[in-house]
Amino acid sequence: MQLEEYLDFLAPNDIRIKGHRIGLELILYEYIYNELTPAQLRERFPTLTLEQIYAVLAYYHHHQPQLDQYLADWLEFGRRAREEQAANPPPVVRRLRRLAAMENQAA
């Protein structure tokens, strides 16, 4: 079986484990940044088999420069999204903040 057969390539920035909604980036983040072992990844993602996890890691090591960029892009997208949300919170968040400020003033 080819490593690519374990993955669904939905878009250039959306690679998922075949048959799952789990993105490649979630496995790689835990593996690279949290230094989880394959066994720990299996515990973290109980719907995946150890075979699938090893396939993802083998695919990563075979395509490391591209997947390092894929992960960096994903992290940057998340950072920008958090900044945008902080700068433009939804109406319910603004209302809760006003209520909390009023409560703090009353106390």
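Pro 89 counts as buried because its relative accessibility is 10%; buried means under 20% relative accessible area, exposed over 50%, and partly exposed in between, with a 1.4 Å probe and protein chains only. Pro 89 sits in the loop between α4 and α5 (91–106). Apart from neighbours within four places in sequence, Pro 89 touches Arg 94 and Arg 97, where contact means heavy atoms within 4.5 Å.

The model is predicted: local features need pLDDT of at least 70, side-chain atom pairs count only at pLDDT 80 or more, and totals for chains, interfaces and linings use all residues. Residues are numbered from 1 along each chain as its sequence is written, and side-chain values use heavy atoms, with hydrogens and water left out.

**The chain as a whole**

Five helices and two strands make up the elements of the chain, in the order β-β-α-α-α-α-α from the N terminus. Helices (H or I, at least four residues) and strands (E, at least two) are DSSP runs, numbered from the N terminus.

The radius of gyration of the chain is 19 Å, whereas a compact globule of 107 residues would have one near 13 Å. This radius is taken over C-alpha atoms, and the globule rule is 2.2 Å times the number of residues to the power 0.38. Along the principal axes, the C-alpha atoms fill a box of roughly 65 × 30 × 25 Å. Of the 107 residues, 28% are buried. Among contacts between residues at least 6 apart in sequence, 49% join residues at least 24 apart.

The chain carries 12 positive and 15 negative side chains, and the centres of the two sets are 12 Å apart. Lys and Arg count as positive and Asp and Glu as negative, while His and the chain ends are not counted. Each charge is placed at NZ of Lys, CZ of Arg, CG of Asp or CD of Glu.

**Helices and their buried residues**

Two helices can be set side by side by length. The expected span is 1.5 Å times one less than the number of residues.

| Helix | Residues in helix | Span, first to last C-alpha | Expected span |
|---|---|---|---|
| α3 (50–62) | 13 residues | 18 Å | 18 Å |
| α4 | 24 residues | 34 Å | 34 Å |

In α3, the buried residues are Gln 52, Ile 53, Ala 55, Val 56, Leu 57, Tyr 59 and Tyr 60. Their cover includes β1 (7–11), β2 (14–17), α1 (24–32), α2 (38–44) and α4 (64–87).

Helix α1 has Leu 24, Glu 25, Ile 27, Leu 28 and Glu 30 buried. These residues pack against β1, β2, α2, α3 and α4.

In α4, Leu 67, Tyr 70, Leu 71 and Gly 78 are buried, and the buried residues of this helix pack against β2, α1 and α3.

Is Phe 77 buried or exposed? Phe 77 counts as exposed, because its relative accessibility is 54%.

Glu 35 belongs to the loop between α1 and α2. Glu 35 counts as exposed because its relative accessibility is 65%. Its phi is near 55 degrees, a positive value in a residue other than glycine. Most residues other than glycine have a negative phi.
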